[in-house]
Amino acid sequence: MGTFASDTSGRTAADWGKALLILLAGLTIAHLGVTLFLQANMGTDTFTVLIQGLSLCTGLTVGTVHVIVLCLLMVVMLLTTKGYVKPGTVVCAFCGGPIIDFFTWLLRDLINSGSPLAVRIVSMVAGCIILALGMSVVINSNAGTGPNDLIALILSDKIPRIQFRWIRILCDLFFVVAGFFLGGTVGAGTIVAVCLTGPLVQFWLPLSARPVRALLRRPEE
């Protein structure tokens with residue numbers, strides 16, 4: 001697998017339009033997965049554990065802390081890296097919440113804490129699979145990725161001898177452990193997310209690359 005950083009300076013406005021539409025499609029798929037995972041009510045996603053912990057320590061709301069942390073990560077990455085932070089990074093940072101809210105409204109009566117345990121387990125696992133598929137589409141769009149997801153991508157490029165899935169697992173584990181000690185909530189689903197997300201994203205990346213590249217290709221190419 002090549003590096004995740006890329007030079008997009010040669011893209012036209014039309015190219016960027018297509019890339020951002022593909023990114024939005026991937027983001028929608030990914031956050032459908034997040035919603036299925038959260039509706040199972042068996043634990044939050046790994047990054048949210050950290051955000052919960054920071055929220056408890058600062059007295060700020062989870063939403064406020066989430067925005068602050070993502071903005072800080074974007075600034076740090078802009079100053080210290082090249083080829084990672086793109087327009088889609090901003091889209092990922094600010095559009096994810098509304099998409100989750102929409103799917104939560106849509107699914108609230110179908111999957112919730114009162115659903116049978118088997119339904120909740122299927123929802124949790126399906127959520128991880130769908131989330132990873134959406135993330136792979138977002139990454140392959142080369143239009144940008146969420147700031148928290150960029151951490152694993154950057155480290156994977158910096159440490160090429162270690163596969164992306166292991167880097168992602170270590171990053172998720174860091175979020176969970178740090179968040180837990182700050183007071184965040186860890187559930188069975190959180191542990192499942194730590195173990196599955198990285199390997200599933202690595203599985204989906206080559207499979208989604210071909211259709212995404214075909215959509216991004218210019219007519220004359």
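Two residues are said to be in contact when they have heavy atoms within 4.5 Å of each other. The structure shown is a predicted model, in which local features need pLDDT of at least 70 and side-chain atom pairs count only at pLDDT 80 or more, while totals for chains, interfaces and linings use all residues. Residues are numbered from 1 along each chain as its sequence is written, and side-chain values use heavy atoms, with hydrogens and water left out.

**Helix α5**

Select residues 117-140, which form helix α5; helices here are DSSP runs of H or I with at least four residues, numbered from the N terminus. Within this helix, select N140. Which residues does N140 contact, leaving aside its neighbours within four places in sequence? They are L205, S208, A209, V212 and L216. N140 counts as buried because its relative accessibility is 14%, where buried means under 20% relative accessible area and exposed over 50%, with a 1.4 Å probe and protein chains only.

**The nonpolar patch**

Select L170, L173, V177, F180, F181, V186 and I191, which make a nonpolar surface patch of about 670 Å². Accessible areas come from the Shrake-Rupley method with a 1.4 Å probe. Helix α7 (residues 164-181) gives the most to this patch, with five residues. F181 lies in α7 and is exposed, with a relative accessible area of 68%.

**Pocket and cavity**

The largest pocket has a volume of about 800 Å³. Of its 42 lining residues, select H31, D45, H66, I100 and N148, the closest to its centre. Helix α4 gives the most to the lining, with eight residues. On a 1 Å grid over the protein atoms alone, a pocket is an open set of points with protein on both sides within 12 Å along at least five of seven lines; in a cavity a 1.4 Å probe fits but cannot get out, and lining residues have an atom within 4 Å of a point.

Finally, select the lining of the largest cavity, which includes F4, Y84, I139 and L153. About 80 Å³ of space lies in this cavity.

Definitions and conventions. Helices (H or I, at least four residues) and strands (E, at least two) are DSSP runs, numbered from the N terminus. Patches are made of residues with over 30% relative accessible area and no salt bridge: like charges are joined within 9 Å, nonpolar side chains (Val, Leu, Ile, Met, Phe, Trp, Tyr) within 5 Å. A salt bridge is a side-chain nitrogen of Lys or Arg within 4 Å of a carboxyl oxygen of Asp or Glu. Grid points are joined across faces, edges and corners, and a volume is the space filled by probe spheres set on the points.
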